[in-house]
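Please keep the sequence and the coordinates at hand while reading.

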Amino acid sequence: MNKIIFSHLSKKSLLGVLLCFCVLGAQAQKGNGEILSNIMPSPVELSALIKDVGAAYDKSILNSSDKAEGYSSKFSRALNLGVYSTDLGYAAIYKQNTDAFMYLNSVRKIAESLGIGKYINYSNITKLALENDLNALLDETTRTFEKINGHFQNNGNDRLSVVLLVGGWIESLYLTCEIAKKKKSKVLDTRIAEQQLVLKQLMPILKKYKDPDMMNLTSDLAQLSKLYSKLKIDYKEGKTSTKEVGGVLEVVDNNTSEIKINPNDLKMILDTTGKIRAKIVK
Amino acid sequence: MMRRLLWGILFFVSLYSQTAFAQKCNIKQFKDKCITALQRQRGYTFLKSYPLDGQGGVKKKIKYSYILSRGTAYILTMANRRADAKGISVTISTSSGKTLLNSYDENKKKFHSTIGFNPKVTGVYYFTFEFQNTRNFCAASVLGFKRR
């Protein structure tokens with residue numbers, strides 16, 4: 001009797017336990033999009049840096065907002081959703097509300113064509129933009145893109161999530177490169193060089209995808225990665241400590257790093273970034 | 001064998017119940033507190049928010065990572081349902097595993113809710129949030145930045 005019950009129970013319960021493990025496993029395993037979205041610098045940081053070095057707002061370097069309906073494949077839509085979201089952030093940082101609304105409209109069109117329009121709370125974004133509440137606006141837009149990422153991942157479209165992030169990153173690198181061409185700034189040159197770190201995180205993930213669109217994108221970024229590998233970073237480890245200043249606990253960081261940039265290598269990076277971006281937005 | 005199997009099933013059922021029926025963690029109110037704390041630090045702009053849902057105690061530590069850039073000052077604010085954010089701490093470490101800071105001061109038994117960091121090296125950094133000496137497993141954190 002025991003044997004019968006055991007046999008009956010063991011089959012069913014083992015199946016249950018296995019299923020349980022699969023679900024827990026799936027929950028524990030982060031998607032590539034989620035990994036990237038956690039690690040990649042926000043395009044807003046680069047836009048703020050551009051503004052901080054004293055560069056004037058330059059609409060001419062942004063992707064034309066009226067091209068939004070021209071992207072036909074899901075791949076190109078997701079890439080350019082990333083591009084437009086960076087352009088939206090750039091316009092918002094400079095408080096160019098008219099342009100920001102145009103780019104918000106482009107984001108909306110592409111998002112709707114990808115079936116993710118429901119995640120964008122236009123009325124709230126508009127209200128926050130009009131109130132010039134930048135922190136709340138950035139919070140809202142960040143959450144929006146987290147929801148979109150979540151949607152792609154939950155619907156087996158992790159690839160589109162990665163593509164969206166790559167589009168956003170390339171656009172922010174491109175904007176920084178274009179400004180660096182016009183305005184000599186060591187700060188901008190260093191920040192462009194530091195994107196080597198982002199590429200190092202990005203490339204192993206991109207290489208996992210074997211469809212033609214992804215392979216083309218990976219091949220383009222591999223060229224860029226090759227140029228970046230020529231940059232040398234000297235790193236010296238120092239002692240770190242902490243101190244409390246006005247109720248804030250601060251890290252006192254005594255590590256140092258210096259990036260050695262050959263002007264010719266930097267020029268190649270600027271040009272190659274421009275070519276990749278041109279292919280993305282065409 | 002049969003008994004072991006039944007205990008095993010019971011264990012998974014109880015684990016599932018603990019997760020499923022854990023008090024729902026409403027992050028938004030804590031994130032808003034973090035943004036308010038961020039705005040008190042002059043010149044900082046919102047960058048990212050980190051939901052800290054410990055699922056009723058199932059998860060004691062929650063780890064995030066981010067590329068922090070040299071030349072930028074970062075502020076990390078944390079909030080839970082207590083005014084002083086007691087019970088939630090963060091450890092900042094480098095990609096090589098070196099710990100730079102722990103926001104819980106063991107000697108003073110003090111939880112710092114606002115952390116400042118001006119990295120001298122651009123790199124991947126890890127934020128490991130931990131619920132400590134608390135039954136309150138719901139919190140949020142916000143990362144802000146400004147140019148130095």
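## Strand pairing between the chains

Three bridges join β3(A) to strand β8 (residues 114-117) of chain B, and the two strands run parallel; strands here pair if DSSP finds at least two bridges between them. Within this pairing, Leu249(A) stands opposite Ile115(B) in β8(B). Helices (H or I, at least four residues) and strands (E, at least two) are DSSP runs, numbered from the N terminus.

This is a predicted model, in which local features need pLDDT of at least 70 and side-chain atom pairs count only at pLDDT 80 or more, while totals for chains, interfaces and linings use all residues. Residues are numbered from 1 along each chain as its sequence is written, and chains are lettered from A and ligands numbered from 1 in the order in which they are written.

## The interface as a whole

The contact between the chains takes 39 residues from chain A and 40 residues from chain B, where two residues are in contact if their C-beta atoms, placed from the backbone, lie within 7 Å. On the side of chain A that touches chain B, the elements giving two or more residues are α1 (2-28), α2 (32-39), α3 (43-52), α7 (134-154), α9, α10, β3 (248-252) and β4 (256-260) of chain A. Of these, α1(A) gives the most, with seven residues.

By residue class, that side of chain A divides into 19 nonpolar, 13 polar and seven charged residues. In this scheme Ala, Val, Leu, Ile, Met, Phe, Trp, Tyr, Cys and Pro count as nonpolar, Asp, Glu, Lys and Arg as charged, and the others, Gly among them, as polar.

## The sheet of chain B

Chain B holds an open sheet of four strands in the order β2-β9-β4-β5, with antiparallel pairing. Because β2 (61-68) and β5 (99-102) of chain B stand at the edges, each with a single partner strand, one side of each is left without a neighbour in the sheet. The twist averages 20° from one strand to the next. Helix α2(A) packs on the sheet, touching β2 and β9 of chain B, and its direction makes about 60° with that of β2(B); axes are lines fitted to C-alpha atoms, for helices over the stretch in contact, and angles run from 0 to 180 degrees between N-to-C directions.

Strand β4 (residues 88-94) of chain B and strand β9 (residues 123-131) of chain B pair in the antiparallel sense over seven bridges. Val90(B) has Phe129(B) of β9(B) as its bridge partner, and Thr91(B) has Thr128(B) of β9(B). Thr91(B) also stands opposite Asn102(B) in β5(B), where β4(B) and β5(B) pair in the antiparallel sense over three bridges. In the hairpin of β4(B) and β5(B), which has four residues between the strands, Gly97(B) takes a positive phi near 95°.

## Helices and strands of chain A

Chain A has 12 helices and four strands. The axes of helix α8 (residues 158-182) of chain A and helix α9 (residues 186-194) of chain A come within 10 Å and cross at roughly 145°. The contact is made by Leu173(A), Thr176(A), Cys177(A), Ile179(A) and Ala180(A) of α8(A) with Leu188(A), Asp189(A), Arg191(A) and Ile192(A) of α9(A), and these residues divide into six nonpolar, one polar and two charged. Helix α10 (residues 196-206) of chain A and helix α11 (residues 212-228) of chain A likewise have axes that come within 10 Å and cross at roughly 145°; the residues of their contact divide into 10 nonpolar, three polar and no charged.

Strand β1 (residues 232-236) of chain A lies largely in the open, because the number of buried residues among its five is zero. A residue is buried if 20 or more other C-beta atoms lie within 10 Å of its own, exposed if 12 or fewer, and partly exposed in between, with C-beta atoms placed from the backbone. Five bridges join β1(A) to β4(A), which run antiparallel, and the bridge partner of Lys236(A) in β4(A) is Thr256(A). Over chain A, buried residues make up 37% of the 282 residues.

## Confidence in chain A

Chain A averages a pLDDT of 85, and 89% of the residues score at least 70; pLDDT is the predictor's confidence in each residue, from 0 to 100. Over residues 1-29 of chain A, pLDDT stays under 50, and the model has 10 contacts beyond four places in sequence for them.
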